[in-house]
Each structure stands twice: as C-alpha cells, then as structure tokens.
Amino acid sequence: MADSNVLELNIGVGKLASQGGQSLVRPRCPAPFLLKTYNLLEEGGGVLDVDGASDEENESKKIVSWNVDGTTFVVWSPDEFSDLTLPRYFKHNNFSSFIRQLNTYGFKKISSKRWEFKHEKFQRGCKHLLSEITRKKCETSVFPSYLKSSSEENAMTNSIEENSDQRLLIEENKNLKKERLELQMQIAEFKAMEMKLLEYLSQFVDNHQNKVRRLC
C-alpha cells in the first residue's frame with residue numbers, strides 16, 4: 001500500500017514538472033529590426049507631410065510604403081528615407097546599413113528600377129509572421145566555431161558587407177548607364193526637332209520676304 005502511494009506521488013510530481021516546463025516555453029519574439037521596419041510601414045512613417053497640403057497630395061509624396069498588394073515594400077526616396085525616416089526608428093541614418101540588415105534576414109531586391117524589397121513572411125497585416133523570419137546562417141567551415149578567432153569573424157563579417165555593397169554599387173551603376181543612354185537618345189531627338197524647326201522657320205522667313213518684295 002505504501003509503495004502504491006509513493007508511485008502515485010511520483011507520477012503527480014512528474015505531471016506538475018512537465019506542466020511547469022511547458023508553461024516556461026514562450027513564443028519567440030520577432031527581431032527588433034524587423035519589428036521596427038514593419039511598424040514604420042504600418043504607422044505611415046514614410047510619408048512626407050507638407051504643411052497646407054491635402055491628404056491626397058501628401059499621399060503622393062511617399063518616402064517608403066507597401067506596394068498595392070502589401071507583399072513588398074518600396075523605398076521611393078532613399079535620401080529622404082535616410083534623413084527623415086531612419087532616425088525616427090533606428091539609431092542611425094545609413095541607408096546602406098539598412099539594406100545590409102535586410103539582406104541578413106533574407107530580403108530580396110526585386111526591381112532594377114526602384115528600391116523594392118520582398119520576403120515571403122514580411123507582409124502587410126501579417127505581423128505574427130515576423131517571428132518566423134530568422135537571420136541567414138553563415139557558410140559552414142571545416143573548423144568549429146569555437147576555434148575561430150574574433151579577428152577571423154570580423155574579417156568574415158566585413159567581407160560579407162563589402163560584397164553586399166559591391167553588388168549594390170554594380171547594380172546601381174548599370175541603372176545609371178541605362179538612364180544615361182536614354183537621356184542621350186532623348187537629347188538627339190530634341191536636337192533633330194530643333195534643326196527641323198529652324199529649317200521651317202528659315203523657309204517661312206524667306207517666303208515672307210519674297211512676298212514683301214513682290215508687293216513692293
């Protein structure tokens with residue numbers, strides 16, 4: 001009889017322990033960077049309010065916003081985003097640093113014409129998905145992580161940042177070259193139009209002078 005009581009007591013203690021362990025498990029919180037980025041979009045932190053302007057006019061002066069479907073977000077004005085928006089939510093105003101952070105969490109730049117970024121779990125109205133977004137893991141090495149010196153880790157971090165900056169610069173350089181070619185074509189068209197207008201004007205003046213001479 002005593003043995004059965006001891007057994008029941010042990011079982012009860014085991015259940016309490018297991019329940020207590022489950023109660024200590026807390027849902028994972030989203031990374032502060034993701035939460036701040038989500039909040040600045042939801043709170044309209046990317047709209048440049050102009051004194052005396054209507055709501056529609058201010059809406060057209062967006063600095064950063066969700067796209068129409070809310071599946072991506074666009075930084076419409078990187079300069080104003082750096083100067084006005086970033087300092088309100090982060091402790092810096094460095095646009096390149098913001099992009100590097102996006103890259104570490106798996107965001108992709110999906111447009112060559114504008115700064116538009118996408119992550120399948122970063123969407124308007126889906127704040128609960130932020131906790132599922134995690135940092136990218138560094139490439140595995142043949143050496144255990146505890147054997148790596150701090151200088152090696154810093155060198156790896158710097159290399160990743162430099163490569164990311166280099167890719168962005170190359171992409172931006174391509175866009176600038178494309179824009180330059182388009183501008184050169186437009187300038188050539190305008191020059192051709194100018195020559196035609198001058199030719200028409202010269203013909204008009206000559207005809208007018210001939211008519212005046214005839215009347216005289």
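The accessible surface of the chain comes to about 16,600 Å², and 54% of that area belongs to carbon and sulfur atoms. Such areas come from the Shrake-Rupley method with a 1.4 Å probe; for residues, only the protein chains shown count as cover. This is a predicted model, in which local features need pLDDT of at least 70, side-chain atom pairs count only at pLDDT 80 or more, and totals for chains, interfaces and linings use all residues. Residues are numbered from 1 along each chain as its sequence is written, and side-chain values use heavy atoms, with hydrogens and water left out.

**Overall build**

- The chain has six helices and four strands. Both are DSSP runs, numbered from the N terminus: helices are H or I with at least four residues, strands are E with at least two.
- From the N terminus on, the order of elements is α-α-α-β-β-α-α-β-β-α.
- Of the 216 residues, 22% count as buried. Buried means under 20% relative accessible area, exposed means over 50%, and partly exposed lies in between (1.4 Å probe, protein chains only).
- Take the contacts between residues at least 6 apart in sequence: 56% of them join residues at least 24 apart. A contact means heavy atoms within 4.5 Å.

**Regions from the UniProt record**

- UniProt places "domain: HSF-type DNA-binding" at residues 86–110, in an unreviewed entry. UniProt positions follow the numbering used here, feature names are shortened, and annotations may be inferred rather than shown by experiment.
- Residues 86–110 are 56% helix and 8% strand. The end C-alpha atoms of this stretch are 21 Å apart.
- UniProt also lists a "coiled-coil region" at residues 166–193, again from an unreviewed entry.
- Residues 166–193 are 100% helix and 0% strand. Here the end C-alpha atoms are 41 Å apart.

**Helix H2 and its partners**

- The axes of helix H2 (residues 32–42) and helix H4 (residues 78–89) come within 10 Å and cross at roughly 120°. Axes are lines fitted to C-alpha atoms, for helices over the stretch in contact, and angles run from 0 to 180 degrees between N-to-C directions.
- That angle makes H2 oblique to H4. Angles under 35 degrees count as roughly parallel, over 145 as roughly antiparallel, 65 to 115 as roughly perpendicular, and the rest as oblique.
- Lys36, Asn39 and Leu40 of H2 make the contact with Phe81, Thr85 and Tyr89 of H4.
- The buried residues of H2 are Phe33, Leu34, Thr37, Tyr38, Asn39, Leu40 and Leu41.
- These buried residues pack against strand S1 (64–66), strand S2 (72–75), H4 and helix H5 (95–104).
- Gly44 follows H2 and has a positive phi, near 70°.

**Phe33, in H2**

- Phe33 is found in helix H2. Its relative accessible area is 7%, so Phe33 is buried.
- Phe33 and Phe98 are 65 residues apart in sequence. Their C-alpha atoms are 9.2 Å apart in space.
- Leaving aside neighbours within four places in sequence, Phe33 is in contact with Phe90, Phe98, Gln101, Leu102 and Tyr105.

**Two loop residues**

- Ser112 is in the loop between strand S3 (108–109) and S4. With a relative accessible area of 40%, Ser112 is partly exposed.
- Ser112 and Glu171 are 59 residues apart along the chain, yet their C-alpha atoms are separated by 7.5 Å. Leaving aside neighbours within four places in sequence, Ser112 is in contact with Glu171 and Asn175.
- Lys121 is found in the loop between strand S4 (115–118) and helix H6 (150–215). At 26% relative accessibility, Lys121 counts as partly exposed.
- Not counting residues up to four places away in sequence, Lys121 touches Cys126, Leu129, Leu130, Glu132 and Ile133.
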